[in-house]
Structures are given as C-alpha cells and as structure tokens.
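Morning, everyone. Please have a look at the screen.

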Amino acid sequence: MVASQGAVVLIVEDEPLIRFNILDVLEDVGHVALEAGNADEAMVLLKARNDVDILFTDVNMAGSMDGIQLAKRVRAMRPNIGIIITSGMVRLDPMSLPANTAFLPKPYLHEALISTIAAMTR
C-alpha cells in the first residue's frame, strides 16, 4: 500500500521495537515519521514542530500522562490534528471519541493504520 501524499506522523509508543517497526512501515509508504517514547517527549516535539498532521499514540505509557490524556491535551492545543489511539489493554468506543479521532485495537494490521492515516489526511 502506498500513501497518496506523505503526512507527518508523531508515533508515541513506549515499546521501542513496536515504535521502530511502525516508523519503518510509515516511512516505507512515504510518510514522515517522528517518534516519542512517552507523552512528555511527544509534547516537546509538538511544541517544536507545527507540521505534525497525525498523532498516533498508545494508551498505556509511563510518564506524567497516558495516551488518552495526551490526546485530550493535543486536541486542545491543535484542534485540526488527526489523532489515532491504540491499545491492547482497553477498548475505546469510537463513538465516544472526539471528531477526527480513531481507535485501532491491538493487534492491528499495518494496512489498517495506513488507511486510517489516509482517511484523516484527505
């Protein structure tokens, strides 16, 4: 699968192997992938860069906030950013999420992530 146009995607995942794998997959289809190991690192990147199109975050992470708290803070800062939340521990009702937010339960197929990014950047 090939991305129609590259988006800037910030991957927030505390498991390095998962994070690196997602980074490779997204770069292979033409996206620019940034990475953070926790929400605090993600906030530093988001404050430094205005070009992030999509936040892709895990729910359960060490640090000052989890992925849901991060998503809420990012939504308040940047209402137009696409947010994708993933978790293997909790299930979120997609109908309860704010606009332009998607939930991908783990395990997910890479194609599902790529398709979700494409839908959010149209």
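Leu10 has Leu55 in β3 as its bridge partner. That pair belongs to the contact between β1 and β3, two strands that run parallel and are joined by four bridges. Before I go on, please keep in mind that this is a predicted model.

On to the other partner of β1. Strand β1 covers residues 8–12 and also pairs with β2, again in the parallel sense, over five bridges. Here Ile11 stands opposite Glu35 in β2.

Now the whole sheet. In what order do the five strands lie? The order is β2-β1-β3-β4-β5, in an open sheet with parallel pairing. At the edges are β2, residues 32–36, and β5, residues 101–105, and each of these pairs on one side only. On average, neighbouring strands in this sheet are turned by 20 degrees against each other, ignoring direction.

Two helices to mention here. Helix α1, residues 16–28, packs on the sheet and touches β1, β2 and β3, with its direction at about 165 degrees to that of β2. Helix α3, residues 67–77, packs on the sheet as well; α3 touches β1, β3, β4 and β5, and its direction makes about 160 degrees with that of β3.

Back to β3, residues 54–58. Why is this strand described as largely enclosed by the rest of the structure? Because five of the five residues of β3 are buried. Buried here means under 20% relative accessible area. Both faces of the strand are covered: Ile54, Phe56 and Asp58 are buried on one side, Leu55 and Thr57 on the other.

On to β4, residues 82–87. Strands β3 and β4 run parallel and are joined by five bridges. Taken with the helix, β3, α3 and β4 make a right-handed β-α-β unit.

Last item, Val74, which sits in helix α3. Is Val74 buried or exposed? Its relative accessibility is 1%, so Val74 counts as buried. Which residues does Val74 touch, leaving aside those up to four places away in sequence? They are Met43, Leu46, Leu55, Ile81 and Ile83. Take Leu46 from that list: Leu46 and Val74 are 28 residues apart in sequence, and their C-alpha atoms are 8.4 Å apart in space. Leu55, also on the list, is the residue I began with, the bridge partner of Leu10.

That's what I have.

Conventions
Residues numbered from 1 in each chain as written. Predicted model: local features only at pLDDT ≥ 70, side-chain atom pairs only at ≥ 80, totals over all residues. Heavy atoms only, no water. Pairing = 2+ DSSP bridges. Axes fitted to C-alpha atoms, helices over the stretch in contact; angles between N-to-C directions. Contact = heavy atoms within 4.5 Å. Buried < 20%, exposed > 50% of the residue type's maximum accessible area, 1.4 Å probe, protein only. Right-handed = clockwise from strand over helix to strand, strands pointing away.
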